[in-house]
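Here is a short note to read with the model open beside you. Take the points in order and find each place on screen as you go.

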Amino acid sequence: MTLKALGLALAGMVASTAVALAQGAAPKPAIVYDLGGKFDKSFNEGVYTGAERFKKETGVEYRDFEPQNDAQREQALRRFAREGFSPILAVGFSQKSALEKVAAEFPNLKFAIIDSVVEKPNVESILFKEHEGSYLVGMLAGMASKTGKVGFVGGMDIPLIRRFACGYAQGVKAAKKDAEVFVNMTGTTGAAWNDPVRGGELAKGQMDRGADVVYHAAGGTGIGVLRAVADAGKLGIGVDSNQNGLHPGKVLTSMLKRVDNAAYSTFMDAKNNTFKAGQVTLGLKEQGVAWADDEHNKPLITADMRKAVDQATADIASGKVQVHDFMSDNKCPAL
Amino acid sequence: MDALSSVLVVLDSTLRLSIPLLCACLAGLWSERSGVVDIGLEGKLLAAAFAAGAAAHLTGSAWMGLLAGIGASVALALVHGFASITQRGNQIVSGVAINMLAAGLTATIGNAWYGQGGRTPPLEGAGRFEGVLLGHSALVYIALAMVPVTAFVLARTRFGLRLRAVGEKPAAVDTAGISVTALRYAAVVVAGVLCGLGGTYLAAALSAGFLPGMTAGRGFIALAALIFAKWRAWPALGACLLFGFLEAMSIRLQGVPLPGIGEVPVQAIQAMPYVITVLLLAGFGGRAIPPRAAGVPYVKER
């Protein structure tokens, strides 16, 4: 009994010194990725790019972890916390509940989460206005479409993905008033992010109904969407990272979510002691979202399209045009 | 779009989606008819898809991909055979182990080789199977041809009859002086070849490259189809086409307003294949009796 108590006390002391040390010293950043994995050519890879940039500029090393299943998230977060890592960046909305627990257990460490809100005094919640970026690619889709019909393939059917769809539809209709938007979701479970066969079939289904531009927000499933669209000689739109190079000339553009900037600035803030807990929302104005413009899609974007989309960017940034956010009321006026 | 072409489009999609199911279902049929229960269809499909994706990318030839896919799948089949035939282990446990092994290994090796989150690089040109007839690739016709071949071999040849006997009453076959072990191994290897075909079709024809977990439960749907078809080849084709059709319909019906009902929620449409499966299994399937010795390791001394 006494031995056990002694052991516990010792363990507590070790843990608290570790935490104290961590606070005094330089930041020890750590990342827990989402299930897609570090090199998913999409969302997670963006975080990786930002973290690498931070490492190169500051010389500060970071640790990361790629969970293979849901249960590992909490373990990984807790392990990093126990080792005194701070800030710890949790990537993806599905880490919310795990982070809520771990952040409460380690109030002296700094945490951040992308795509969700955790209301704790030591957590920075980073959100993106995906609807604004989707609005821009929607405008491009509307202008590039010859049939006046465009498609959207989402991954898992959750409000976040509906937000992409809704912003996209608004953009399409802003460019072409009577355009038709087909919205399909791949599934209702996590497997919906990794089913390229089904994604391809959904895209084919939309193209059979006349769509000639298809936007995806579906992670790995989207690889199948872009492939099916490229095979059919139509245009796809990528998401999160720049996917224009996957099928050069067949990807109209990509909706960039600058998670790299988010990861970079979180780590930088921690380094400069300017880390602030609370909610940060990155939209067009903050350059948190954008459309991809590179050598692969240059021939596809006409001068008119460029002009219109630049105008829309300025209007949204200045607040002249308001893009409706699906998650504010779970409704979409454009669909 | 007129009605005829939309029917054609759905039938096209049905065929594409049924082929992986059909391959896995026939694989299960061979294995279980010989008395070896095969839960590991999903794992074999996945391993084959990975090997096919990697080999087709390496060599630039889809046919080399097929060879590698079959190789990987047969290797796993032999592991299953060794555990459940030679070592007389529990066949369910071995099958589950194969599923987990394949899910983990493919993602890990893929990540180590290509560093793209377990994906293989996209296949281009000759690395994929192109359509040869009516827009479908050669693999589709090979898979379809396997149905009459399976039906004929199992019903009309000496090998097939012995194989079925081994699945019903291995002791009798043994008494007749025929090796139970050899027959079961042969069946397991055939199952490996068929899964290899299905996995390759997923990675190198339906999509272009491997993605972790891309089989998305098709190996298990194939098992359901196998039970529904009562372990017979032609009904297996019917069951797989039906499941493929339901999946194709669920994809086409999403977001399309139905006459008189309006737009049906996505979730309802997506649950439909499973609901209909349950209904069919419960209502129309009748009693499905598995091969009598399925799942029972053969012990000579008994």
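1. **A loop residue in chain A.** A:Asn273 sits in the loop between α9 (259-271) and β11 (278-282) of chain A. Helices (H or I, at least four residues) and strands (E, at least two) are DSSP runs, numbered from the N terminus. The phi angle of A:Asn273 is near 60 degrees, a positive value in a residue other than glycine. Is A:Asn273 buried or exposed? A:Asn273 counts as exposed, because it has 7 C-beta neighbours inside 10 Å. The cut-offs are these: a residue is buried if 20 or more other C-beta atoms lie within 10 Å of its own, exposed if 12 or fewer, and partly exposed in between, with C-beta atoms placed from the backbone.

2. **What kind of model this is.** This is a predicted model, in which local features need pLDDT of at least 70, side-chain atom pairs count only at pLDDT 80 or more, and totals for chains, interfaces and linings use all residues. Residues are numbered from 1 along each chain as its sequence is written, while chains are lettered from A and ligands numbered from 1 in the order in which they are written.

3. **Chain A overall.** Chain A has 11 helices and 12 strands. Its C-alpha atoms fill a box of roughly 80 × 40 × 35 Å along the principal axes. For 335 residues, a compact globule would have a radius of gyration near 20 Å; chain A has 21 Å, which agrees. That radius is taken over C-alpha atoms, and the globule rule is 2.2 Å times the number of residues to the power 0.38. Buried residues make up 57% of the 335 residues in chain A.

4. **Two domains in chain A.** Chain A is divided into domain 1 (2-129 + 260-282) and domain 2 (131-257 + 289-329). These bounds come from an automatic or database domain assignment. The C-alpha centres of the two domains of chain A lie 31 Å apart. Across the boundary, 12 residues of domain 1 of chain A are in contact with 13 residues of domain 2 of chain A. Contact means that the C-beta atoms of two residues, placed from the backbone, lie within 7 Å. On the domain 1 side, helix α2 (residues 43-58) of chain A gives the most, with 3 residues. By class, that side has 4 nonpolar, 3 polar and 5 charged residues. Here Ala, Val, Leu, Ile, Met, Phe, Trp, Tyr, Cys and Pro count as nonpolar, Asp, Glu, Lys and Arg as charged, and the others, Gly among them, as polar.

5. **A cis bond in chain A.** The peptide bond from A:Ser86 to A:Pro87 is cis, with omega near 0 degrees. A:Pro87 lies in the loop between α3 (71-82) and β3 (88-91) of chain A.

6. **Chain B overall.** Chain B has 11 helices and 2 strands. Along the sequence, the pattern is α-α-α-α-β-β-α-α-α-α-α-α-α. The C-alpha atoms of chain B fill a box of roughly 65 × 50 × 35 Å along the principal axes. Of the 302 residues in chain B, 51% are buried.

7. **Where the chains meet.** How many residues of chain B are in contact with chain A? The count is 24 residues of chain B, against 29 residues of chain A. On the chain B side, α1 (3-33), α8 (180-206), α10 (233-253) and α11 (266-284) each supply at least two residues. That side divides into 12 nonpolar, 11 polar and 1 charged.

8. **One helix, checked.** Helix α5 (residues 138-156) of chain B has 19 residues and should span 27 Å at 1.5 Å a residue; its end C-alpha atoms are 27 Å apart, which agrees. The expected span is 1.5 Å times one less than the number of residues. The buried residues of α5(B) include B:Leu139, B:Val140 and B:Ala143.

9. B:Trp231 has phi near 60 degrees, a positive value in a residue other than glycine. B:Trp231 lies in the loop between α9 (218-228) and α10 of chain B. B:Trp231 counts as buried, because it has 23 C-beta neighbours inside 10 Å.
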